[in-house]
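Here are my notes on this one, in numbered points. Have the picture open while you read.

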Amino acid sequence: MNIVHANPEAFVLGWNVLVLWLTYSVVMPRFVQGDVRRLLATDAVMSILSLGVVATVFAGSGVTFRLVAFDANWFIFAFATYLILEIPLSMRLMASLRSRR
C-alpha cells in the first residue's frame, strides 16, 4: 500500500489546499485583474484540474472517504472539501474586487 492510499483524505485535502493556494496567490492575481469572466474561467479550470488529478488516483479504486458523518466516494469528498476550502477565499477575493471599484 502506498502513502496515497494509506490516508486518502489527507492526500485529497493536501492536494486541494495546494491547488487553492496556487489559484489564489499565483494564478488569480496574474490573470484575473478585476474581470469577473476571467475569475470564473480561472476558477473552473483550476477546479477541473484538481478533480482531474484526484480522479486519476482514485477513480475505480473503490476507496471510500469519511466525510464528517458518512462515507463518500472520491468525487463527493474532493468536490465538497474543495468547495468548503474555497468559499472563504473566493469571498475575500470578491470583497477586494468590489472595494477596488
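1. A definition to start: buried means under 20% relative accessible area, exposed means over 50%, and partly exposed is in between (1.4 Å probe, protein chains only). By that rule, phenylalanine 75 is partly exposed, because its relative accessible area is 36%.

2. A word on the source: this is a predicted model, where local features need pLDDT of at least 70, side-chain atom pairs count only at pLDDT 80 or more, and totals for chains, interfaces and linings use all residues. Residues are numbered from 1 along each chain as its sequence is written, and side-chain values use heavy atoms, with hydrogens and water left out.

3. Now find helix 2, residues 8–31. (Helices are DSSP runs of H or I with at least four residues, numbered from the N terminus.) Its 24 residues reach 32 Å from first C-alpha to last, close to the 34 Å expected; that expected span is 1.5 Å times one less than the number of residues.

4. Where does helix 2 bend? Look at threonine 23, where the bend is about 40°. The bend is the angle between axes fitted to the seven residues ending at a residue and the seven starting there. Thr23 is also one of the buried residues of helix 2, and so are Val19, Leu20 and Tyr24. After the helix comes glutamine 33, with a positive phi near 50°.

5. Arginine 66 counts as partly exposed because its relative accessibility is 45%.

6. On to the rings: there are five aromatic pairs. Tryptophan 74 and phenylalanine 75 form an edge-to-face one, 5.7 Å centre to centre with 90° between the planes. (Rings of Phe, Tyr and Trp, the last by its six-membered ring, pair if their centres lie within 6.5 Å; planes under 30 degrees apart are stacked, over 60 edge-to-face, the rest tilted.) Tryptophan 74 counts as buried because its relative accessibility is 19%. Ring pairs also link Phe11, Phe58, Phe65 and Phe77 into a cluster.

7. Phe75 turns up again in a nonpolar surface patch of about 650 Å², with Phe70, Ile76, Phe79, Leu83, Ile87 and Met91. Patches use residues with over 30% relative accessible area and no salt bridge; like charges are joined within 9 Å, nonpolar side chains (Val, Leu, Ile, Met, Phe, Trp, Tyr) within 5 Å. Areas come from the Shrake-Rupley method with a 1.4 Å probe, and for residues only the protein chains shown count as cover. Helix 4 (residues 74–100) gives the largest share, six residues.

Definitions and conventions. Helices (H or I, at least four residues) and strands (E, at least two) are DSSP runs, numbered from the N terminus. A salt bridge is a side-chain nitrogen of Lys or Arg within 4 Å of a carboxyl oxygen of Asp or Glu.
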